Amino acid sequence: MFNPERLVLARSARRINQEELANKIGYSPSMISRWESGSNLPSAEALVKISKELNISERWFSLKLPKYKGIYQFRSLKRTDISARYKAKARLAFFYEITKTLEQWVDYPKLNLVQSPNQTEAVNITYKRIEELAEEQRKLWKLGRRPIKNLTRLLESSGVMITKDWLDSDDMDGVSTWINDRPYILVAKDKNNYFRNRFDNAHELGHIILHKKLSDKDCESIGHKEIEQQANHFASCLLMPSASLSLSYRNITLENLLIEKRYWGSSVAALIMRNHSLGLIDNDHKTRLFRNYSYRKWRYGEPYDDDFEVEKPELMYNTIKLLLSEGGFQKEDIIDRTFYSAEDLEELCILPRGTLSNLDIQRRQKLRLLI
Ligand SMILES: [Zn+2]
């Protein structure tokens, strides 16, 4: 039975509106609207067209939607980014369904995150407490005072599911949520920069830990800006621990910060902010550094930005490799059982192109059509 919510989800994931879809498949926008509200069902012929246009199997449209609740945290709330936000949520839902299906055959790492503050504590959280939680998380990871080498790997081995995707927006950096007691993160690929990506992941972990118990209403009363600042503060504390930073250069100049940048894997801008919040530089010093920073045009890109390769999630790639090599799975099985296309699987599970999409599969689909 056709599930109308699935059509909305698929359209959001592809970021096309009702009218665009209508034009592409040769139906009226009002018909799409009726299918999405459930007042009409698409004919078999229409479903074939929808499925082809949206590149999702016909059977996918008849599946029940998993029941999960979670608050999604977005960096930007601009009106222009509404469809980018829908896309991020939909793509994260795709990713969730893929991971959930494959979990029948593999065990993902157990959660290794500090306990989230309860609702009352979360509503009234202080910046000091946020710093403590970041410190507790570092302790749990046995990091001592060292920089985090590969945050993505650390998160994945701590039970956090991470994917990356194009969000086609200048202001959207990522989205995260808890689904059935496991955290999920989707970070934008649009600004592919090692330093920024690490901060984005740390920021999303901030939401995951600090804001897990908050309701939509709580978030509203605290305010979007404050929620974002809390996550930023958590990220700074996690990536640039206070005890170590306080020991570094007394003379904080842009040149010294460039050395620190490579050591901590954090941008010069993030280091300035962190040094300021730790009281290691005063307001005037911060202003001077940022003036000099702008003068050197570092706002458009800092030195060494392109010298480091962006961290890559590997958990799902390893999972699929394992299923193919030792689980007795064929490429087609992964596609058939998840109901997602090879392209979606490759993109969301960060698989090298061609891992699942190959000529054999295309030929097989053609054969099916002939039958
Ligand atoms: Zn955020």
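**Close-up 1. R15 lies in the loop between α1 (4–14) and α2 (18–25).** This close-up, like the others, is taken from a predicted model. The phi angle of R15 is near 55 degrees, which is a positive value in a residue other than glycine. Most residues other than glycine have a negative phi. R15 counts as partly exposed because 18 C-beta neighbours lie inside 10 Å, and a residue is called buried if 20 or more other C-beta atoms lie within 10 Å of its own.

**Close-up 2. N55 is placed in the loop between α4 (44–54) and β1 (73–74).** For N55, phi is near 55 degrees, a positive value in a residue other than glycine. N55 has 14 C-beta neighbours inside 10 Å and therefore counts as partly exposed. The exposed class would require 12 or fewer such atoms.

**Close-up 3. Helix α14 packs with helix α15.** Two packed helices are described by the angle between their axes and the distance between the axes. Helix α14 covers residues 268–277 and helix α15 covers residues 283–295. Their packing angle is about 170 degrees, and the axes are 10 Å apart. Angles over 145 degrees count as roughly antiparallel, so α14 and α15 are roughly antiparallel to each other. On the α14 side, the residues that take part are V268, A269, I272 and H276. They meet K286, L289, F290 and Y293 in α15. Sorted by class, this contact of α14 with α15 has 6 nonpolar, 1 polar and 1 charged residues.

**Close-up 4. Domain 2 is in contact with domain 3.** The domain assignment of the protein chain gives domain 1 (4–62), domain 2 (73–249) and domain 3 (328–363). Between domain 2 and domain 3, the C-alpha centres lie 28 Å apart. The contact involves 8 residues of domain 2 and 9 residues of domain 3.

**Close-up 5. α5 (82–102) and β2 (161–165) each supply at least two residues of the side of domain 2 that touches domain 3.** The largest share of this side, 5 residues, comes from α5. By class, the residues on the side of domain 2 that touches domain 3 are 3 nonpolar, 2 polar and 3 charged.

Terms used:
Residues numbered from 1 in each chain as written. Predicted model: local features only at pLDDT ≥ 70, side-chain atom pairs only at ≥ 80, totals over all residues. Domains from an automatic or database assignment. Contact = placed C-beta atoms within 7 Å. Helix = DSSP H or I, 4+ residues; strand = E, 2+ residues; numbered from the N terminus. Nonpolar A, V, L, I, M, F, W, Y, C, P; charged D, E, K, R; others polar. Axes fitted to C-alpha atoms, helices over the stretch in contact; angles between N-to-C directions. Parallel < 35°, antiparallel > 145°, perpendicular 65-115°, else oblique.
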